[in-house]
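Student: I would like to go through some labels used for a structure and see what each one rests on.
Tutor: Then ask about one label at a time.

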Amino acid sequence: MAAEPPSSLSYRTTGSTCLHPLSELLGIPLDQVPFTNWTPSVCLVNFVACQLFALFAAFWFRIYLSPGKTSPDVRHAFATIFGIYFVIFCFGWYSVHLFVLVLMCYGIMVTASVSSIHRPLMIVTQKITTLAFQVHDGLGRRAEDLSAEQHRLAVKVKPSFLQYLSYLLNFMSVIAGPCNNFKDYIAFIEGRHTHMKLLEVNWKQRGFQSLPEPSPTGAVIRKLYMTLVSLLLFLTLTKTFPVTCLVDDWFVHKANFLTRLCYLYIVMQASKPKYYFAWTLADAVNNAAGFGFSGVDKNGNFCWDLLSNLNIWKIETATSFKMYLENWNIQTATWLKRVCYERVPWYPTVLTFVLSALWHGVYPGYYFTFLTGTLVTVAARTMRNNYRHYFLSSKALKVAYDVVTWVVTQLAVSYTVAPFVMLAVEPTISLYKSMYFYLHIISLLIILFLPVKPHAHIQRQPQTLNSINKKKKD
């Protein structure tokens, strides 16, 4: 009987295999992880290598290719060339899909449903649609029909081809994002980024005698520290409580309901560190290059959270489904709001969840998550609108309300997102059957039997400049 060839996930990569010896030494794959699709994963040696190299390149970019030392075109060209190299290194021939999409969309500013292939395609899809709508707002719509934010972000001159390539493929965000606004990126390349943000917050009233030059070093160090903590948690907690535990015979058939509830929460908590790692590292890379300054806080401290993709403290202490979602994958949530939620005339919540599912890819688990999320979001909003005001009369009642809603929110999120990491239909159905579909049933009962406040949809509509001017006249 012939000996089986040694199993090696490392060689399944379509990208570079030059780090294969390191992959073998560490016992982790170059470019594939079971139970995930594009999910930002610290198991990807190529991904981590590129991001670490990008971090050093970002410092060099900020110091030696600063706007005062070189032209915007040189900065655009350097950021683009390095970005293209990183994509080819990580994903090899798959990169062709990315480059074809980018070239096809220049001039017509449209996107395609190919984002499920790899993470860079997902980021580029976000950026292309963001830029398309911002160009449309600047060149195709009347100023009085725009909301204040749409007017601020509108692009009134068609970008050059170099600007377009640099925005989509720059090395700071091409691998793991985040998505950002075109005008912010151009201001960063041209050296107007920090000054523009300082002028927005009126820096003289903040106690500064002259226009300061904020340094991102402190923010980068803090984010790298969080990155290291997330990595350690992944290597310990995530390995101890893998998602595959949720389909074990013990969990499905032997554990009681309360045990399943708690164990599901623990497993979902254990799945978070890889996201914390990837997104925080990506944020640090952008900050190291000098991009991501958002202004000055109430205490006079410089803030570098313009591109932050999550707020870990608010996620872990969220007392509502809405609060949780607002602080998880922040830039994607902002993108969905700007290209879908604020623009569609009907059923904005449902259509936004559908778009999110389509953008993520074709795995059935994504659709289970987003359909369940739609139900839970509507039910949570209904409960909040009907009962929250009863608990605001005293501090004790408010504390009790916060504790209960924190527990409910964390359990609801765990239940909702489990299919997202399980991906397939069979394990998802098995999990939900073992949980008696409890959250689906409760959400449906709330929606059917509690009154829905009619003003919820009206409040979501952004104010246009025209409506603002009318109010001022009145």
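Student: Which backbone oxygen lies 2.5 Å from a polar atom of the side chain of threonine 238?
Tutor: The backbone oxygen of alanine 270. A polar contact is a pair of N or O atoms within 3.5 Å; within protein, one must be able to donate a hydrogen and the other to accept it, and residues adjacent in sequence count only if both atoms are side-chain atoms. This is a predicted model, in which local features need pLDDT of at least 70, side-chain atom pairs count only at pLDDT 80 or more, and totals for chains, interfaces and linings use all residues. Residues are numbered from 1 along each chain as its sequence is written, and side-chain values use heavy atoms, with hydrogens and water left out.

Student: Why is threonine 238 called buried?
Tutor: Buried means under 20% relative accessible area, exposed over 50%, and partly exposed in between (1.4 Å probe, protein chains only). Threonine 238 has 14% relative accessibility, so the residue counts as buried.

Student: What does threonine 238 contact beyond its neighbours within four places in sequence?
Tutor: Leu233, Ala270 and Pro273, where contact means heavy atoms within 4.5 Å. Threonine 238 itself lies in helix 10 (residues 217-240); helices (H or I, at least four residues) are DSSP runs, numbered from the N terminus.

Student: What makes helix 10 and helix 13 roughly antiparallel?
Tutor: Helix 10 and helix 13 (residues 273-288) pack at an angle of about 160 degrees, with their axes 8 Å apart. Axes are lines fitted to C-alpha atoms, for helices over the stretch in contact, and angles run from 0 to 180 degrees between N-to-C directions. Angles under 35 degrees count as roughly parallel, over 145 as roughly antiparallel, 65 to 115 as roughly perpendicular and the rest as oblique. The two helices are therefore roughly antiparallel to each other.

Student: Which residues meet between helix 10 and helix 13?
Tutor: Among them are Leu233, Phe234 and Thr238 in helix 10, and Pro273, Tyr276 and Phe277 in helix 13.

Student: How do you know that helix 19 is roughly perpendicular to helix 21?
Tutor: The axes of helix 19 (residues 395-422) and helix 21 (residues 438-449) come within 10 Å and cross at roughly 115 degrees. That makes helix 19 roughly perpendicular to helix 21.

Student: Is valine 252 buried or exposed?
Tutor: Valine 252 is at 14% relative accessibility, so this residue counts as buried. Valine 252 is in helix 11 (residues 249-254), and its C-alpha atom is separated by 9.5 Å from that of tyrosine 432, 180 residues apart along the chain.
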